[in-house]
Amino acid sequence: MATVSLVLGSGGARGYAHIGAIEEIERRGYEIVSISGSSMGALVGGMHAAGKLNEYKDWVTSLNWMRVVRLLDFTLSRGAIRGDKIFVQLAEILGSPNIENFEIDFTAVAADIAHQKEVWYQKGSLLDAIRASVAVPGLFTPVVKEGRVLVDGGILNPLPIIPVVAAQADLIIAVDLNTGDSSHSHLQLPSNQYLKRSGMSDEWHMPDTNAADESDEDLADQATEIGGRMDVLLNSVEVMQASLAEYKIAGYPPDLLVRIPKDLCSFYEFHRATEAIEYGRLATRDRLEALENGDPIN
């Protein structure tokens, strides 16, 4: 059985494609022995390393747009979303495992903006590691701990290949969420209806997702308004991460690169797990088939 070191990149809701990639890799008989991830790559990779990926998949595929909105605890302090509701759900799935107890070597990458350097979580609380790694600046509140201000690992390393090099697996497979083509057109994905406007405004109205008198329609309208105003920020982050990922690939080329196109879905369409998972599976299948058949893969 060939062994795989898996690198899972950052990219918001497109990170659901990592679930399909993992399923396809294991379905074809490969053994994943090491995982490194940034942001959603850290979340999905951590779920797999902890043996909870199936439970996580069941949860995310049950989410519709309104259930996603009700998970968002908005604030004007240091970021738009605290993330407490989301992490309550993640804790119910995971419990409170420590990374060093996993059978699979796991690294979650965050960025310390106070000291301008990467932080690799390879031991300690998995939930703490994920929370730091997914803290997109301006969207989620950062993790402030021991003089460090920790944010999304994709700010410095959206495709963290180096942490898995020492694992000495037969293959390094990297899944990049911020580039690629749309050759897998056999998947019909709906258009993004939530990115209607761009730009920031002083006229912020934060929805109260706990308020009993807030209708689903009110919450959806308010979340859509905020989403539109975050459009420029998130697109800027994605452009930056796409460029950084190409540098990482050039410096440490993986044996196999699975490219997930940015137009698969927008950064925060977390209600579209089923489509993204299937795309990740198909894209990984195509690349692995080419590798196994001896076809050119670059």
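Predicted model: local features only at pLDDT ≥ 70, side-chain atom pairs only at ≥ 80, totals over all residues.

Q: OK. Which residue of strand 7 does Leu 8 stand opposite?
A: Leu 8 stands opposite Val 175. Strand 1 (residues 3-8) and strand 7 run parallel, joined by 5 bridges.

Q: And how many bridges between strand 7 and strand 8?
A: There are 4, again in the parallel sense. In that pairing, Ile 173 is opposite Leu 256.

Q: Why call strand 7 largely enclosed by the rest of the structure?
A: Because 6 of its 6 residues (171-176) are buried. Leu 171, Ile 173 and Val 175 point one way, while Ile 172, Ala 174 and Asp 176 point the other.

Q: Where do those side chains end up in the cores?
A: Ile 173 is among the residues with the most contacts inside the largest nonpolar core, which has 70 residues. Ile 172 and Ala 174 belong to a second, separate core of 9 residues.

Q: Switching to aromatics. How many pairs?
A: The count is 2. Tyr 16 and Phe 270 are edge-to-face, because their planes are at 90°, with ring centres 6.0 Å apart. The pair ties together parts that are 254 residues apart in sequence.

Q: Is Tyr 16 buried or exposed?
A: Buried, at 2% relative accessibility.

Q: What's the other pair?
A: Tyr 56 and Trp 59, tilted, with planes at 55° and centres 6.2 Å apart. Both are buried. They sit 3 residues apart in helix 3, so about one helical turn separates them.

Q: What lies over the face of Phe 87?
A: Arg 131, at 4.8 Å from the ring centre.

Conventions
Residues numbered from 1 in each chain as written. Heavy atoms only, no water. Buried < 20%, exposed > 50% of the residue type's maximum accessible area, 1.4 Å probe, protein only. Helix = DSSP H or I, 4+ residues; strand = E, 2+ residues; numbered from the N terminus. Pairing = 2+ DSSP bridges. Core = buried A, V, L, I, M, F, W, Y, C linked by side-chain atoms within 4.5 Å. Phe/Tyr/Trp six-rings, centres within 6.5 Å; stacked < 30°, edge-to-face > 60°. Lys NZ or Arg CZ within 6 Å of the ring centre and 35° of its normal.
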